[in-house]
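Hi,

Here is the structure I promised to pass on to you.

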Amino acid sequence: MSSSTSTAPDARRGSDYARLSRRVAEAGLFDRRPGRYAVRMALTLGAFLAGWALVVAVGDSWWQLPLAAVMAVATTQVAFLGHDAGHRQMFRRRGPSEAAGLVAGNLAVGLSYGWWVDKHNRHHANPNHADEDPDVGAGALVWTYEQALATRGLSRWMARRQAWLFFPLLLLEGLALHVASVRALTDREPDGGWRVPMRHRAVEALLLAVHGVGYVGLLLAVMSPGKALLFAAVHQGLWGLYMGCAFAPNHKGMPMPTADDQLDHLRKQVLTARNVRGGRFVDLALGGLNYQIEHHLFPNLPRANLRRARPLVRAYCAEQGIPYAETGLVESYRQGLAHLHDVGRPLRAG
């Protein structure tokens with residue numbers, strides 16, 4: 001969910017990025033596809049609402065647990081819509097884009113749209129940069145040797161084993177996203193200003209509250225407290241796992257630029273990203289994020305056009321002698337886990 005321009009990006013006319021941008025524009029790939037998005041939104045939100053209707057129909061039954069897994073998939077697909085809205089892939093104008101993002105993020109998923117936009121903008125500006133990209137800042141996992149050596153106590157124990165802990169930790173990602181959303185709405189800086197800038201803070205708070213009350217109320221209304229708790233655990237755990245598995249192949253294990261690296265925009269985006277090969281199923285399962293290189297170069301490119309942009313971008317990178325990383329889904333996870341394991345090596349050696 002990251003805001004961006006709604007037309008072909010501006011750039012110096014003679015730059016490598018500008019020339020590629022013109023090729024993509026000449027192919028008509030920046031054109032919005034409102035009809036396709038209308039169908040996608042109707043099908044995705046329809047399936048999401050139908051799933052909750054089925055939860056109500058099933059009632060106080062242990063069949064709710066496999067249904068919770070289904071709802072984790074549906075919830076992630078709705079979150080992908082919020083991501084597209086934030087990039088203005090759906091609509092040129094800010095208003096409709098923000099409305100779609102608030103409904104998909106805050107109301108349906110329980111994820112702050114404004115917080116995500118702020119965080120994701122910083123990621124797109126400096127992907128895989130340890131000091132600038134919030135997605136590779138030190139946290140439950142560490143991404144550089146320097147971050148690993150700075151750990152202490154439990155964090156150091158985890159850093160030694162983080163490749164093994166990666167997928168189990170993703171089961172907590174859903175909860176972490178909810179907590180981060182609430183904190184983004186309420187946390188202030190020491191000077192009294194808001195920590196995270198948001199255009200619609202009151203609306204976001206209201207929609208998150210409606211989501212939380214509605215979620216808890218619906219579960220308790222149709223099943224016993226014990227089953228409701230188990231449903232929430234399965235649903236939120238698998239949603240976090242799915243979200244993490246969708247985003248992990250994109251940059252983990254790719255080069256991590258530092259302040260000493262002088263990369264232009266084209267190389268900064270291409271060298272730090274990885275595409276995932278696959279057919280239409282992979283496109284659907286990963287929400288188009290499998291075309292990560294094209295997405296990072298042109299964030300407002302409609303999801304359906306990323307597949308069409310790929311051969312243009314790949315050919316242009318070959319012309320410029322720029323490595324274009326693309327691999328299968330399993331191999332992408334292997335590379336990411338290998339990087340995590342290597343980062344923890346100094347701690348294991350010590």
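First, how to read them. This is a predicted model, in which local features need pLDDT of at least 70 and side-chain atom pairs count only at pLDDT 80 or more, while totals for chains, interfaces and linings use all residues. Residues are numbered from 1 along each chain as its sequence is written, and side-chain values use heavy atoms, with hydrogens and water left out.

Let me start with two helix pairs. Helices here are DSSP runs (H or I, at least four residues), numbered from the N terminus. Two packed helices are described by the angle between their axes and the distance between the axes. The axes are lines fitted to C-alpha atoms over the stretch in contact, and angles run from 0 to 180 degrees between N-to-C directions.

Helix α2 (residues 34–58) packs on helix α3 (residues 64–86) at about 155 degrees, and their axes are 10 Å apart. The two are therefore roughly antiparallel (the term covers angles over 145 degrees; under 35 is roughly parallel, 65 to 115 roughly perpendicular and the rest oblique). Their crossing is left-handed, which is to say that the near helix is turned anticlockwise from the far one by less than a right angle (clockwise would be right-handed).

The contact of α10 with α11 has seven nonpolar, two polar and no charged residues.

Next, the cores. A nonpolar core is a set of buried Ala, Val, Leu, Ile, Met, Phe, Trp, Tyr and Cys residues joined through side-chain atoms within 4.5 Å. Buried means under 20% relative accessible area, exposed over 50% and partly exposed in between (1.4 Å probe, protein chains only). The largest nonpolar core holds 32 residues, and W52, V55, W115, L219 and F231 have the most contacts inside it. Elements giving it two or more residues include α2, α3, α10 and α11, and α3 gives the most, with seven. Another core, of 20 residues, lies apart from this one and has F30, A309, V313 and C317 among its members.

Finally, some single residues. R303 is in helix α15 (residues 303–320) and, at 7% relative accessibility, counts as buried. Not counting residues up to four places away in sequence, R303 touches Y37, R40, F80, L81, D84, Q89, G287 and G288.

R88, in the loop between α3 and α4, has a positive phi near 55 degrees although it is not a glycine. R88 is buried, at 15%. N128, likewise not a glycine, has a positive phi near 65 degrees. N128 lies in the loop between α5 and α6 and is buried, at 2%.

Happy browsing!

Notes
Contact means heavy atoms within 4.5 Å. Ala, Val, Leu, Ile, Met, Phe, Trp, Tyr, Cys and Pro count as nonpolar, Asp, Glu, Lys and Arg as charged, and the others, Gly among them, as polar.
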